[in-house]
Amino acid sequence: MAPATVWVMWRSLATPMWVRGTVLLLACITIVTSSFHTTMYDHYKNVFLRLTGPFQEGEDYEAARARYESKTTFSLLEKITYPIYLFYLKSQRDYVMKFDPHTSARLTLFPTFEPSRGETYRSTAGRAMKVWRSIFGFGSMVFGLALFNAIAHPEYYLVYRLVVLNAIFYGYLRPLQRRVSREAFQKMNLVLPDQVDEGHLAVA
């Protein structure tokens with residue numbers, strides 16, 4: 001939907017060419033930053049579900065890579081989709097740790113659900129999770145694209161995602177999430193190998 005929206009804007013814009021080029025550049029930046037939004041939403045959704053209920057939501061890159069390397073035969077579909085899936089998980093892992101070094105991308109190393117631990121995480125990280133769920137999820141992105149395309153003004157949605165959502169994402173949600181991740185994992189006394197504590201690599 002995103003490339004199609006860019007194409008619609010490109011075709012509908014009048015000359016001069018520099019206007020089209022500027023809009024195209026801003027649209028590409030919006031697509032990239034929107035992928036960061038949904039990537040982080042997906043991560044924190046998986047963490048929240050694993051810690052607050054008996055759910056095994058999500059898979060980390062290391063587990064997926066091990067599963068891939070253990071296979072001896074691949075269907076044609078698997079040959080196409082596995083590299084894409086592994087690329088997504090690796091990119092997600094790398095960005096997660098830049099965005100928030102106090103969380104963990106090693107989902108399969110999370111302990112099994114324990115009610116008191118789940119309540120600790122829910123009470124600490126619940127406010128941040130409400131923001132992720134309300135405006136940064138996949139559903140809200142697709143709905144927004146569909147709505148603004150329907151009223152024939154996708155450029156408004158571009159400005160909304162590029163300016164408003166990025167301001168919330170980097171200016172409000174990132175520092176909030178770092179703070180609550182550190183606090184929650186400390187309260188749960190949970191340390192995983194990829195977490196950073198005070199600038200040093202934590203040892204599980």
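This briefing covers the salt bridges in this structure. The model is predicted. Side chains of opposite charge can pair when their charged atoms come close. Here the count comes to eleven salt bridges, taking a side-chain nitrogen of Lys or Arg within 4 Å of a carboxyl oxygen of Asp or Glu. Three of them are described below.

**A pair within one helix**
- Lys45 and Asp42 form a salt bridge, and their closest N and O atoms are 3.2 Å apart.
- Both residues sit in helix 2 (residues 17–52). They are three residues apart there, so about one helical turn separates them.
- Lys45 has a relative accessible area of 18%. Asp42 has a relative accessibility of 13%. Buried means under 20%, so Lys45 counts as buried, and so does Asp42.

**A pair between two loops**
- Asp60 meets Arg106 in a salt bridge, at 3.6 Å from N to O.
- Asp60 lies in the loop between helix 2 and helix 3 (61–70), while Arg106 lies in the loop between helix 4 (76–99) and helix 5 (115–135). The pair therefore ties together parts that are 46 residues apart in sequence.
- Asp60 is buried, with a relative accessible area of 1%.

- Arg93 is partly exposed, at 22% relative accessible area. Glu62 is partly exposed too, at 25%.

Terms used
Residues are numbered from 1 along each chain as its sequence is written. This is a predicted model: local features need pLDDT of at least 70, side-chain atom pairs count only at pLDDT 80 or more; totals for chains, interfaces and linings use all residues. Side-chain values use heavy atoms; hydrogens and water are left out. Helices (H or I, at least four residues) and strands (E, at least two) are DSSP runs, numbered from the N terminus. Buried means under 20% relative accessible area, exposed over 50%, partly exposed in between (1.4 Å probe, protein chains only).
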